[in-house]
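User: I would like to go through this model and its sheets with you. Could you show it to me?

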Amino acid sequence: MEMEMEMRGEEEIELGQDLTPPLPPLSFALHDSFLSSHCSSCFSPLPPLHTPTFPNNSHHVLLPLYCSPLCSASDSPLHISSAEPRLLRLLQSHPSTYPHGDSSDLRAALRLLHSLPATSPPAPHRISGLLTNRLRLIDHDDDLRIRDGARAMFLARTMRDAQDDVAPDDAVLEEAVLCLVLTNAVEVQDNTGRTLGISVYDSCFSWINHSCSPNACYRFLLSSPPPPQWPETPLRIVPAGQATSQIESGVCSKNLLTKECGKYGPRVIVRSIKRINRGEEVTITYTDLLQPKAMRQSELWSRYRFMCSCKRCSASPLTYVDLALEDISAVNFNSSRLSSDISFNRDKATERLTGYIDDAIADYLSIGNPESSCERLEQVLTQGLSDNQPEGNEDKSELTYWLNPLHHLSLNAYTTLASAYKILADDLVISSAIDNHVMKAFGMSRMSAAYSLLLAGATHHLFNSESSLVVHVANFWTIAGDSLLNLAKSKLWSEIVRWDLPVSDNLELYHIAKYKCPKCSLIDKLETYSRHDPVTHADFEHASREFLHCVTNLTQKVWYFLVQGCRYLGLCKNPIDFCWLDTSKYSSEYEVLTQSTGTNCGNKRSFSGREAEEDTNQLRMYILYLGVHCLLYGEYLASTCYGRYSQLTCHVHNILDGEEKLSNPCH
């Protein structure tokens, strides 16, 4: 029977503490699309002069590029000896050999194969302590992909060794190693969240199991030479029981592959996001935690062949977060019945809404039409989506499906709307100086900031019930703060009252060292992190309550202004406190929205004369303070998730400091 591997806390660990030192990879590979723009050793972006322009012809084969002689010396010998060049040439000259897209899985597997001894078992269950999962994977949908990939790897290795007397049917070991990569590899992302490639780590990382309510997360270090040094964290997690000595026979040594690992490649650091007791299992997530249960389970089974049974997935009834993420209501405009009394096919409703919203988002991301995307998304958010039942259905009435404002599709829509409105505003400012275009651009900037704030507030509301969402919340508060600050600094404000207002020119307002709110202690908390002092759960809760109090008060002063011209935003009474969604009062999201203020923009105000100048200046200051609070809290959460010197933390600090570089270990 296959033994379960897991890692546990070796000691009592508070939240926001590194659990491992930077761990080097056993194997790694850039995605094909980044081979010409990023270093194949450390995954750092290449300077423009290092990015060659290749002719677009069938004879071109992508080759690895490096950012420095050090990276080249450390990685290129392994690249050549592992048969990667042969594989790339084979896939280029005979695409039908592996018609499944990106080859990074195959290249990472070739590197692992090169490190194995010649006496390796033909199909071990574990290699270097890592599960191959071969028997489960080859019996399902990925069977053809795995067999084609193993065959391509086998052919590349035989060409390297100039062997002609072997058949592809002998590719059993290649198959096992490819399955290991598919099971254990993690996607390596840069500080923008873009996936650059994959990496496989040893048991210190790979034995950490999944949970949909994890107590740890991880971050990557992408740099060469190594980043500035600070005290390295010892390994604070250990295998459960005697796992290391009980690995069944036929398994390669746990330390076997480390001889090929230098100090190159994307390193990973595991960090606590909850308090971990001594002996408690350490878990991370293998999927997006802002997906509802059914989607998480489907993705985990499709990729890893297991069904999650964590506390969140096992809850009956569903947790509040999972209920909100999948909540859909239906209303029949031809019936007097309340929507809660209407029976409808939830799977069908979810499928139709998902298809519509995915298609609307594709208008922006794939087709490049942000205006169409915004129009379609706001239409479905505000008016719902008609069922359009086919003829012959006994029920001649037509249902309209409505999304809970906290539904995962609503959150996806907010993300797209915030980005798309920003792009539209920027394009209008650049392309035209006509007055009505400038005003339209300013309105779009407002709506972009409003949707960013709504997204941050909605995910924070869910975070209050599921603290493992802290990684998402850190990113969304940062995005909201940046958007609000850009709005406060915009030169388009003068178009409102035809005066040049002084607020946006005073950059000293944005210097973090000179900003300190008398009502919350975020600056003090950040200074605590900079001294590497441990932060207790009580401290974290206290800082969060103070932040919410301040940001709620500030939001009440500016929300009416941010949402002008947008019906859906105007109907969202409060983007921070979602008590207005209380279903004890209303039977559906439709009724919540239609029972709301009914205005498009809340408490409208007019601007004229001296009063306009004073009101506008005060409004800009409120937006400025709100943006600073969001950024400070985003940095505080990022420090918890990723550490004081992470990319996101330094990015926020640089925004607030108003400088490109700071004299700290971030650079």
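Predicted model: local features only at pLDDT ≥ 70, side-chain atom pairs only at ≥ 80, totals over all residues.

User: Which way do the residues of E12 point?
Analyst: Ile328, Ala330 and Asn332 point one way from the strand, while Ser329 and Val331 point the other way. In a regular strand, side chains alternate between the two faces of the sheet.

User: What is the strand order in the sheet with E12?
Analyst: The order is E12-E14-E13, in an open sheet of three strands with antiparallel pairing. Strands E12 (328–332) and E13 (385–386) are the edges, each pairing on one side only.

User: How many bridges join E12 to E14?
Analyst: Five bridges join these two antiparallel strands. Within this pairing, Ser329 has Trp402 of E14 as its bridge partner. On the other pairing, two bridges join E13 to E14 (residues 399–403), again antiparallel; there, Ser386 is partnered by Thr400 of E14.

User: Which strands does helix H11 lie across?
Analyst: Helix H11 (residues 346–365) lies across E12, E13 and E14, and runs at about 70 degrees to E14. Helix H12 (residues 370–383) lies across E13 and E14, with an angle of about 105 degrees to E14.

User: Changing topic: what is the order in the sheet with E2?
Analyst: That open sheet of three strands is ordered E2-E6-E5, with antiparallel pairing. Its edge strands are E2 (27–30) and E5 (186–189), each of which pairs on one side only. The twist from one strand to the next averages 30 degrees.

User: And how many bridges are there between E2 and E6?
Analyst: E2 pairs with E6 (residues 195–200) in the antiparallel sense over four bridges. Ala29 stands opposite Ile198 of E6.

User: Now the whole protein: how many helices and strands does it have?
Analyst: The secondary structure comprises 22 helices and 14 strands. Of the 667 residues, 55% count as buried.

Notes. Residues numbered from 1 in each chain as written. Heavy atoms only, no water. Pairing = 2+ DSSP bridges. Axes fitted to C-alpha atoms, helices over the stretch in contact; angles between N-to-C directions. Contact = heavy atoms within 4.5 Å. Buried < 20%, exposed > 50% of the residue type's maximum accessible area, 1.4 Å probe, protein only.
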